[in-house]
Amino acid sequence: MIEVAGHRVPRHGVRIVSIWVVLCAIVVPLVVFVLGSHLPPGRMSAEASAQTDANTVLTALLAPIILLVGVHFVYSLVVFRVRDDALEDGPPIRGHGPTQMAWVLLTAVIVVALAVWGSYTLVQSAHGAAGGQGPSPSDLPKGSKAALPIQVIGQQWAWTFRFPTYSAFETRELELPVGKVIAFHVTSLDVTHSFWAYELGVKADAVPGVDNVAYVTPRKLGVFSVRCSELCGLWHGHMAMHGRVVSAADFDSWVAQQKAADAKNLPDLGPYQRVYFPEPKHRAG
């Protein structure tokens with residue numbers, strides 16, 4: 001309590017900060033250790049895990065800011081509400097220098113810290129972040145030289161996949177071996193699409209005439225969803241499917257089945273190329 005004009009007035013700032021500190025001590029650990037494991041995109045791949053960690057850090061930093069604003073708002077509603085029928089304005093608020101300075105400094109520290117952390121993560125640990133590094137990536141993940149290349153071909157309105165190291169067969173299905181570095185070579189036959197393998201943390205544009213490379217390393221067995229995240233026409237919303245991460249033995253078995261099923265089509269596919277420019281078909285006569 002402080003004394004103002006002979007009246008004892010509670011230290012509202014101390015109360016607000018005390019409530020805020022207690023709530024932060026409860027909420028922030030819950031965000032990191034409980035909510036963090038449920039944040040997208042999950043931990044099905046090394047790249048998805050890095051994205052989930054970033055989302056956890058950002059949420060943990062955001063929680064105290066939201067709590068501070070919320071505590072101040074609720075405290076003001078409860079403590080400073082009018083308690084009788086008198087509709088009189090209170091004294092004008094001229095601002096509070098220490099509070100304003102603390103707010104500016106706090107937000108500046110948060111922004112600078114995030115910039116430093118983000119830059120370090122981008123340069124040191126985000127090699128092959130599965131975001132589509134372009135036709136000639138300069139920042140390659142470990143094991144990229146032995147990566148399994150898979151061509152992702154977008155077209156209205158479906159995905160097809162070609163495996164150049166396995167006779168260049170083509171399939172509408174997608175299975176990946178666990179623990180293996182994958183190099184997605186994403187392109188398109190018609191308009192711009194966007195290959196989004198959500199649980200793998202992969203998102204790369206499929207542009208006609210461009211070989212957009214995205215690296216990913218699956219870490220867990222399971223099913224992942226694939227969607228187009230670029231508006232590409234009337235049936236854009238139906239350009240979706242599911243892929244699977246399987247063991248190395250199951251992947252080899254699946255490849256053998258796909259090669260056998262596609263054997264008759266291989267002569268008509270033509271040689272594997274980084275990009276394709278299909279010639280229009282003309283009707284005879």
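Biologist: What should I know before I start reading?

Modeller: This is a predicted model, so local features need pLDDT of at least 70 and side-chain atom pairs count only at pLDDT 80 or more, while totals for chains, interfaces and linings use all residues. Residues are numbered from 1 along each chain as its sequence is written, and side-chain values use heavy atoms, with hydrogens and water left out.

Biologist: How many helices and strands are in the protein chain, and what makes a stretch one or the other?

Modeller: The protein chain has five helices and twelve strands.

Biologist: Why does Thr 171 count as buried?

Modeller: Buried means under 20% relative accessible area, exposed means over 50%, and partly exposed is in between (1.4 Å probe, protein chains only). Thr 171 has 6% relative accessibility, so it counts as buried. You'll find Thr 171 in strand β5, residues 169-171.

Biologist: And why is Leu 114 called partly exposed?

Modeller: Its relative accessibility is 27%, so Leu 114 goes in the partly exposed class. Leu 114 belongs to helix α3, residues 97-125. Over the protein chain, 33% of the 285 residues are buried.

Biologist: Which residues does Leu 114 contact beyond its sequence neighbours?

Modeller: Contact means heavy atoms within 4.5 Å. Setting aside neighbours within four places in sequence, Leu 114 contacts Leu 58 and Leu 61. Leu 58 is 56 residues away from Leu 114 in sequence, yet their C-alpha atoms are 8.5 Å apart.

Biologist: Which strand pairs with β3 in the antiparallel sense?

Modeller: That's β4, residues 158-163, over five bridges. A hairpin of two residues joins β3 to β4, and Gln 151 has Arg 162 as its bridge partner in β4.

Biologist: What makes β7 "mostly covered"?

Modeller: Seven of its seven residues are buried. In a regular strand the side chains alternate between the two faces of the sheet. In β7, Ile 182, Phe 184, Val 186 and Ser 188 are buried on one side, and Ala 183, His 185 and Thr 187 on the other. β7 also runs antiparallel to β10 (residues 212-216), with five bridges, and Ala 183 stands opposite Tyr 215 there.

Biologist: What makes a group of residues a nonpolar core, and how many residues has the largest one?

Modeller: A core is a set of buried Ala, Val, Leu, Ile, Met, Phe, Trp, Tyr and Cys residues joined through side-chain atoms within 4.5 Å. The largest has 32 residues, and Trp 159, Leu 174, Phe 184 and Phe 195 have the most contacts inside it. Apart from that core lies another of five residues, among them Val 181, Ala 183, Val 213 and Tyr 215.

Biologist: Why are β6 and β9 called edge strands?

Modeller: They belong to an open sheet of five strands, ordered β6-β12-β11-β8-β9, with mixed pairing. β6 (175-177) and β9 (202-206) each pair on one side only. Inside that sheet, β11 (residues 222-228) and β12 (residues 240-246) run antiparallel and share six bridges, and Ser 225 has His 242 as its partner in β12.

How values were computed: Two strands pair if DSSP finds at least two bridges between them. Helices (H or I, at least four residues) and strands (E, at least two) are DSSP runs, numbered from the N terminus.
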